[in-house]
Amino acid sequence: MIRAMLGEAWMAMGANRLRTLLTMLGMVIGVSAVILMLAIGQGAQQRVQESIASMGSNLFIVLSGSVTSGGLRMGGGAAASLTLADAQAIEELPSIAAVAPSAPGTAQLVYGASNWSTQVIGTTPGYLTVRDWRLESGSAFADSDLRSATRVALLGKTVVRNLFGEGDDPVGKTIRIRNSPYVVLGVLASKGQSLDGRDQDDTVIVPVTTAQRKLFGTRVAGSVRMIMVQAESAEAMPSVEKAMTDLMRQRHRIREGADDDFTIRNLTAAADAAEETAKVMSLMLGAIASVSLLVGGIGIMNIMLVSVTERTREIGIRMAIGARGRDILLQFLLEAIIISVIGCLIGVLLGVGGALAVNRLSGTAVVVTPSSIVMAFAVAAAVGIFFGWYPARKAASMKPIDALRYQ
Amino acid sequence: MAHGGDAVIRIENLYKEYVTDAGPVPVLHGISVTVHAGEFVAVMGPSGSGKSTLMNIVGCLDTATSGSYFLNGRDVGHLDRDELAHLRNQVIGFVFQGFNLLPRASIADNVALPLIYRGTAGGERAERAKDMLVKVGLGERLNNRPNQISGGQQQRVAIARALVTDPRLILADEPTGNLDTHTSQEIMTLFSELNGRDGITIVLVTHEPDIAQYAQRLVRLTDGNIVYDGPVAEALPHHLERTT
């Protein structure tokens, strides 16, 4: 029965090809617009996610609190209250993936005739885990380097480019940082720009003990600027935050009711906000494109109404030989659905092609997900049913004799 | 099937009026008539006498304003749209003056159409449509479209379509109205065979006495009333010598 009906619908559509194609065009444009806009929106979303991931996931940053010195409050991070020992204690807590204390500073680098000023971070090998940062060549420094504060360094790509130029392998070479020789152990893989536009590759990493004792010195023995902490999972973050707060208050001997002398920042919150923004943008693009899908649907309804009027006599003949109301309904509904689904198919192809073309021509990131294609199909079928229903209903509810007499 | 068998059509006091802007216009004024299985009845009358309206009601295409209509003993007045469609599909074969074929479909597809609404499978549909077209003498033209064949052949296709569901009742509304004399005779011979050989009950509307000759019984309508109901031979004696 359905197969016979499909054949009939196909025949009816073939009888007026140009009109069928023009009706389809509305769906084609609507669907391809939705696919294209979603692809661009999701591309932007993916860019944001990548930037966030480059920062590291499930991250906390523990900063020392502010100090008041002669009535001047110095702002967060000014007190030298965080120490390497704090970092080691935090590492003992449950659900901790990695801990990286960090003592940053700025130093002048020299290699041969080149020199370059950059940020030098004193930290532990855990820093690479926390920031999800791989080495492009060479190896990270070992715990023994930490213990004996050896003069070794890992270089970011930008630093390598400025000191060594292209083509020269820095691993094993000796550079001078503040006039002391450091052996280059490895080169960090490129990470690109951070969310706020800093060049993340313009960095040198040295053992935290080396930075404290030989490079920058410390105001209080063993103090670090901040401690980065990575939790094992997003779910563990609240309990980790609580455990860290308790531990730090205990270690810093803070009395009940007194303010913390440190701050714990949850970086995931900021990341979530950025991702939410991108998602809203993607949604908005999709919503705007959906309007054209709606217009396409109204086009289908329009043509189906004309078609029903034109084919009144045919409806009468079919009813006279025994077609029930639902047979007629199904026939017109099928036509509307076929038009919208075929239009959708072409629209998906055009939309994906368009997205690839946009990517090729402008370099904008695009992501076509299977779910957006599935959604486009579902919407197209729904549009066909929704906008085909009224004309089909109108055809099905005609009185046989009136339809048969229609001229 | 013998005359005087079961009543296929029983109409009692049937009244029909059309509602127009100028008020209700009565078309049938309380008609009563009974048709038995195996009869061949011609309905005659001038234009506007209500004969087509009567046929449309008998064919379940239209409904009466009042009065009752029993088809095979079943009160049609109380059936819903789907049940009426079922009767049109299973019990009645309808042949129209204007043939009413679907212009875009092939002849074979036109004949098979009623079977689609019956839920007959595709292969069986094609086979039965072909058999029926062979029966009306068009076995060679299955894939032609209606506009590629003559009017007489189109009416044969329409008859094949009416017959394909094996109805026991055929209603024909001026089936020869658009055909020349020779072709009309061929079509009427076909109807006679269906009635005589297959025992199918036939009710036929016409305004040509020559056509009515093929029937056994004549019902004459004037202004919505039956003015004659009896043997054709008595009503149209001067045409007797032309048929044998």
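Colleague: Is helix α1 of chain B mostly covered or mostly uncovered?

Modeller: Mostly covered: of the eight residues in α1(B), which spans 51-58, seven are buried, meaning under 20% relative accessible area with a 1.4 Å probe, protein chains only. Helices here are DSSP runs of H or I with at least four residues, numbered from the N terminus. This is a predicted model, where local features need pLDDT of at least 70, side-chain atom pairs count only at pLDDT 80 or more, and totals for chains, interfaces and linings use all residues. Residues are numbered from 1 along each chain as written, chains are lettered from A in the order written, and side-chain values use heavy atoms, without hydrogens or water.

Colleague: Which residues of α1(B) are buried?

Modeller: B:K51, then B:T53 through to B:V58, including B:L54 and B:I57. Just after that helix, B:C60 has a positive phi of about 65 degrees.

Colleague: Switching topic: how many residues of chain B are in contact with chain A?

Modeller: 22, against 30 residues of chain A, with contact being heavy atoms within 4.5 Å.

Colleague: What does B:R104 form a salt bridge with?

Modeller: A:E314, with the closest N and O atoms 3.2 Å apart. The rule asks for a side-chain nitrogen of Lys or Arg within 4 Å of a carboxyl oxygen of Asp or Glu, and the interface has two such bridges.

How values were computed
Buried means under 20% relative accessible area, exposed over 50%, partly exposed in between (1.4 Å probe, protein chains only). Helices (H or I, at least four residues) and strands (E, at least two) are DSSP runs, numbered from the N terminus.
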